[in-house]
Amino acid sequence: MPRKPSKSPAGKGPRTPAGNSARVAAKGPKATSKAASKATSRAVSIPAPTDLSQERIVRALETIAAHLSAQSKPVATPESFTRADAYVWHPDGRLAAVPRVSRVELFLLKGVDRMRDILMENTERFANGLPANNALLWGARGMGKSSLVKAAHASINAERKPAEKLKLIEIHREDIETLPALMEQLRASPFHFIVFCDDLSFDGNDASYKSLKAVLEGGIEGRPENVILYATSNRRHLLAREMIENERSTAINPGEAVEEKVSLSDRFGLWLGFHRCSQDEYLAMVRGYCSHFAIKVGDEALEREALEWSTTRGSRSGRVAWQFVQELAGRLSVRLTAE
């Protein structure tokens, strides 16, 4: 007997996807709004694709820059110090060779005989590997402090073999904070070095002098045995008087504050004082330059013009004498080259 087809319950049709959609729709707008809010919250919590891309780019550029900086950092080698006898230190770690140092001959420096002899003896001991002191050349401007350092270096090297020559490295006042990095490069070298800072002084709240103190004495590593420091300054204690007075008036313990500032100059074993020259010393400087460069002028006229020049400048010094000789040589069409 044939089977009869089954009947579905009244009002109910077969279960299809369309039926599911109808039930979701039947739940009304409330369900729909909840689903939308969840989707919105998820969208807010996840950064936009453009933000992620920019962040990745920035990180990649920082990584590349760090690698390039590490690879390009110069390192001093024994061979790099055979190019010249003098160098200038740059804060990026580079030592620039100076083929020809601007200097005057040692015998042309007049009126500084005692300081010359002391500095020469100290420098020669150091060049021979014997103990020597850091030196601070302080005093009147234009009296040959920096000229004496450069002349002493050249004089010591005059009779030495290339492998035994002293190397002169100038560090600028504003780069003093990088001095420990320079010491690190020089420590392992077989050469001996004079690290020279011209016109060294500190003002206001400048705390870079602490780097110099640590290198001179007091740091764990200390100064390398193959390095000596020579500095010139117009100030005996390297600090302005008002800077010291300010410390004395504002500190809780004025004595300790001033001692902390002044102790920097105490770490130089040699203090060489340069004072204003007399009229006779000034004229001796002028005559010495004229003789060395073969400038032919009568002594009476030379003395009269030299004194007039110093009067217009308001001072007498080695620098004023050299400036007068340059003026005189220019007027007489004489080139300043030694015979």
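The structure holds six aromatic pairs, where rings of Phe, Tyr and Trp (its six-membered ring) pair if their centres lie within 6.5 Å, and planes under 30 degrees apart count as stacked, over 60 as edge-to-face and the rest as tilted. This is a predicted model, in which local features need pLDDT of at least 70 and side-chain atom pairs count only at pLDDT 80 or more, while totals for chains, interfaces and linings use all residues. Residues are numbered from 1 along each chain as its sequence is written, and side-chain values use heavy atoms, with hydrogens and water left out.

One of the six pairs joins F293 and W322, which are tilted, with 5.8 Å centre to centre and 50° between the planes. Because F293 lies in the loop between α10 (279–292) and α11 (299–313) and W322 in helix α12 (residues 318–331), this pair ties together parts that are 29 residues apart in sequence; helices (H or I, at least four residues) are DSSP runs, numbered from the N terminus. F293 is buried at 9% relative accessibility, whereas W322, at 25%, is partly exposed; buried means under 20% relative accessible area, exposed over 50%, and partly exposed in between (1.4 Å probe, protein chains only).

W309 and F324 form a tilted pair, 6.1 Å centre to centre with 55° between the planes. Since W309 lies in helix α11 and F324 in helix α12, the pair ties together parts 15 residues apart in sequence. W309 is partly exposed at 24%, and F324 is buried at 1%.

Elsewhere, ring pairs link F81, Y87, F191 and F193 into a cluster.

Definitions and conventions. Helices (H or I, at least four residues) and strands (E, at least two) are DSSP runs, numbered from the N terminus.
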